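Reader: I am new to this one and would like to go through it slowly. Could you put it up on the screen before I start asking?
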Amino acid sequence: MVYLTRELHLDQVTASNILSLWFGITNFSPLVGAFISDAYVGRFRTIAFASFGTLLGMVVVTLTSWLPQLQPPSCSPEELASGKCVRASNSQMGVLILGLCCLTIGSSGVRPCSIPFGVDQFDPTTEEGKKGINSFFNWYYTTFTMVLLVTQTVVVYIQDSISWKIGFGIPTLCMLCSIIMFFVGTNLYVRVKPEGSVFSGVAQVLMAAYRKRKLRFPMSEEKQEGFFYDPPLTGTTVVSKLPLTKQFRALNKAALIMEGELNTDGTIVNRWRLVSIQKVEEVKCLVRIIPIWAAGILSLISMAQQGTFTVSQAMKMNRHLGPNFQVPAGSVTVISLITIALWLPFYDRFLVPKLRKITNHEGGITLLLRIGIGMVFSILSMVVAGMVEKLRRDSANSNPTPLGIAPMSVFWLAPHLILMGLCEAFNIIGQIEFFNRQFPEHMRSIGNSLFSCSFAVANYVSTIIVNVVHHSTRKSSHPDWLTNDINAGRIDYFYYLIAVLATFNLFFFIFVARRYQYKGSVDFDDETHQVELGSHKP
């Protein structure tokens, strides 16, 4: 955001839209990468190809800060504040967008495959392998958080205060080193062969159910043998067998055995006319999760503002720590990361054991309740952000300066960023665990991709809201809420609008969450008992 507005002289609405669109595409792309990896080339080749895409993208972005031909004419902060600077040309923006596209290609392969490829290196059937997998997850997320802290502090400070060339060059060099390290272990890796995409299985279930839509079920669906196709599990990834359920009952017809649909050895004649109970229940898992996934999208819109308007606020506040150091505007969001780093150990080691004694639930509280609590924190975050923005705006207008800097510490943004950190700790991590536990084992890469799609849709919705607000709130007597001069705009009203939308979304989430049936739920005498496979103790 700072690079687009300060170095390329874009207005904040245009910069916000570019970032939101790019974030959206980048978060959708892992779905494509997961499909290609699972169906055709495998995880190793996908990561290898995508890594070079990331490196090429970083090189191009670095060149935009290195070569004068790829930058607009320089101007002073006063000229930038008054809107007199010449913005980057279409060709200059085209080069930058080319680099962003290469980064998107890299993300499409690395994001969905890096964790599964790491897990592939362990044997889950042995005690040592199980411990190794748990250790891998712990180290993966620990290093991921450490990297975010470094990039949001050290690298951002270098970019903001020393040089954009060095600031972009550091991650470029790191990417080159990571590729070298990745290929050093080529002969050591365990490579799992692709077993085919789950999308074809989903299509087969839907087609078979449609073709048999006029058939009637047997008198007793509980007696599955002879009526429904339920072969033993095969393959290397599926671990748990899913029972036949009555929810979305029409899909069960896809597993009804008709005359001539099985060979003499018990195999299927036409996979587009008959599928197994396992495949039917896997599709049901997808259908059940979609409403929860949709409800999680709007709750992420508030997070999208951390990299856009929160940074714009920080640029118009007093960021000095002592006489010689100034906090980079892009580093203020590190407060959310610190909140997560401090809260999660406290939650896991202290609160969960206490809650477990009260609720008798393995995780202390259910995953859906955890997600709902995170949504509440996102609403509170936007309300507090609006209140702080009103104070900042009033302070800046009461004490005018050439650059429009409010005599107000940037750490006034801390309360809403702390609340946003708690939102991530509950909502985001809750969604990750929910998708991983509710998707069948061999569909978890798709589940992780679906979670990335949540961020993509949230960024697109955020872009739509920004544009609607930008054009509909502009009047002849006053500028729009999101005008480039935030001291003349009303970003606080924008935050309140998001809080209202998030509140309506919370009610929708409560509605769908109360009706959700966990994976492996079974019916007894028309009364639903919810059972999570792997966590149920007889």
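Reader: Which residue stands opposite Ala406 in β2?
Author: Opposite Ala406 in β2 stands Met317, and the model you are looking at is a predicted one, in which local features need pLDDT of at least 70, side-chain atom pairs count only at pLDDT 80 or more, and totals for chains, interfaces and linings use all residues. Residues are numbered from 1 along each chain as its sequence is written, and side-chain values use heavy atoms, with hydrogens and water left out.

Reader: In what sense do strand β1 and β2 pair?
Author: They pair in the parallel sense, with 2 bridges between β2 and strand β1, residues 317-318. Strands here are DSSP runs of E, at least two residues, helices are runs of H or I, at least four residues, both numbered from the N terminus, and two strands pair if DSSP finds at least two bridges between them.

Reader: Changing topic, where is the kink in helix α12?
Author: The kink, of about 45°, is centred on Tyr347 in α12, which covers residues 334-359; the bend at a residue is the angle between axes fitted to the seven residues ending there and the seven starting there. Tyr347 is also one of the buried residues of α12, which include Val334 and Val352.

Reader: What comes after α12?
Author: Asn360 follows α12, and its phi is positive, near 60°.

Reader: Why does Ser114 count as buried?
Author: Ser114 counts as buried because its relative accessibility is 18%. Ser114 belongs to helix α5, residues 90-120, and, leaving aside neighbours within four places in sequence, is in contact (heavy atoms within 4.5 Å) with Ile47, Phe136 and Tyr140.

Reader: How confident is the predictor overall?
Author: The pLDDT, which is the predictor's confidence in each residue from 0 to 100, averages 81 for the protein, and 89% of the residues score at least 70. Over residues 521-538, however, the pLDDT is below 50, although this stretch has 31 contacts in the model beyond near neighbours in sequence. Where pLDDT is low, the predicted coordinates should not be read in detail.

Terms used:
Buried means under 20% relative accessible area, exposed over 50%, partly exposed in between (1.4 Å probe, protein chains only).
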